[in-house]
Amino acid sequence: DLITERDGEPLAIEIKASTKINNSMLRGLQFWQKNQPKSSCILLYGGKENKMATETISVTAWTEVINL
């Protein structure tokens, strides 16, 4: 959904409206990381819980976007 930079490294952000997370939402970010292993990835979604989906993919509520 968008690629930007943070601290000089690529940052991939996938945006979903869903309030629940499922593994299929991570596929695009996982593919990106195979090609850009130094990048960070964030799944923004409509829920309220913030957590790490994997070592390198964080799941963040869209209400926290200001803190990215």
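**A chat about the fold and its core**

Me: Hi! How many helices and strands are in the chain?
Reply: Hello! This is a predicted model, and its chain has one helix and five strands.

Me: What order do the elements run in from the N terminus?
Reply: They go β-β-α-β-β-β. The chain is as compact as a globular protein of its length, because its radius of gyration is 11 Å, close to the 11 Å that the globule rule gives for 68 residues.

Me: And what does the C-alpha trace span along its principal axes?
Reply: About 30 × 25 × 20 Å.

Me: OK, on to the inside. Which residues make up the largest nonpolar core?
Reply: Nine residues do: Ala12, Met25, Leu26, Leu29, Cys41, Leu43, Tyr45, Ile57 and Val59. Two elements, β3 (40–45) and β5 (57–61), each give two or more residues to this core.

Me: Which element gives the most?
Reply: That's β3, with three residues.

Me: Nice. What share of the whole chain counts as buried?
Reply: Of the 68 residues, 29% do.

Me: And the surface, how much of that belongs to carbon and sulfur atoms?
Reply: The accessible surface comes to about 4700 Å², and 50% of it belongs to those atoms.

Me: Last topic, charges. How many positive and negative side chains are there?
Reply: There are 8 positive and 8 negative ones, and the centres of the two sets lie 9 Å apart.

Conventions:
Residues numbered from 1 in each chain as written. Predicted model: local features only at pLDDT ≥ 70, side-chain atom pairs only at ≥ 80, totals over all residues. Heavy atoms only, no water. Core = buried A, V, L, I, M, F, W, Y, C linked by side-chain atoms within 4.5 Å. Buried < 20%, exposed > 50% of the residue type's maximum accessible area, 1.4 Å probe, protein only. Helix = DSSP H or I, 4+ residues; strand = E, 2+ residues; numbered from the N terminus. Rg over C-alpha atoms; globule rule 2.2 N^0.38 Å. Areas by Shrake-Rupley, 256 points an atom, 1.4 Å probe, with all protein chains shown as cover. Lys, Arg positive; Asp, Glu negative; His and termini not counted. Charge placed at Lys NZ, Arg CZ, Asp CG, Glu CD.
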